[in-house]
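Welcome! Take a moment to look at the model below, and then we will walk through a few of its features together.

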Amino acid sequence: MVNFELSLVNNQEAHSIDDDKTEKKAELILAYIFRTEKILNTSVLSGYDLSDKIISVDVVLTDDEEIHELNRSFRGKDKPTDVLSFALFADSMEKEIFPNGEIALGEVIISVETAKRQADDSGMTLDEQIDFLLCHGILHLLGFVHPDDESLKVMLGLQDEILSEIKKY
């Protein structure tokens, strides 16, 4: 059985976020992915024996200033963005090593300020937009990318499927 270890840090104060609820949503997203073979089998974890493994993900909620600096430092883009994913497992050369049975997928960083603007522009709630970005970031940690319109369409379809499923909870 796969277990999940989630860490959530909320570095921003501009918008009220229910950290426990956000952490629970991340767990629901991961649980759906890990019980859905068609998603898991197209991820970087395809072919691995995941029984009795701990899958860890760190989530950071931040502001535009911090994500702008990260975006500039790591992607060379001098502007804030909505979500950044720093994959550990997907980018690792040491995929056969699982210290203490843990697979550290990486970190998802979300700008709550940008998410709020996007939510307002799209008619979504802030919670819905954060769920969308969280799901998007987690898929990136699992090796999903969208370098072209077709792969973006596929990834957004997966997000819609996952988010529709977790709305039931």
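The axes of helix H4 (residues 112–122) and helix H5 (residues 126–141) come within 8 Å of each other and cross at roughly 115°. This is a predicted model, where local features need pLDDT of at least 70 and side-chain atom pairs count only at pLDDT 80 or more, while totals for chains, interfaces and linings use all residues. Residues are numbered from 1 along each chain as its sequence is written, and side-chain values use heavy atoms, leaving out hydrogens and water.

**Where H4 meets H5**
- Helices here are DSSP runs (H or I, at least four residues), as strands are (E, at least two), numbered from the N terminus.
- Val112, Ala115, Lys116, Gln118, Ala119 and Ser122 of H4 are in contact (heavy atoms within 4.5 Å) with Leu126, Gln129, Ile130 and Leu133 of H5.
- By class, this contact of H4 with H5 has six nonpolar, three polar and one charged residues.

**A look at Asp52**
- Asp52 lies in the loop between H2 and strand S2 (54–62).
- Asp52 has a positive phi of about 60°, although it is not a glycine.
- Most residues other than glycine have a negative phi.
- Asp52 counts as exposed because its relative accessibility is 63%.

Methods:
Axes fitted to C-alpha atoms, helices over the stretch in contact; angles between N-to-C directions. Nonpolar A, V, L, I, M, F, W, Y, C, P; charged D, E, K, R; others polar. Buried < 20%, exposed > 50% of the residue type's maximum accessible area, 1.4 Å probe, protein only.
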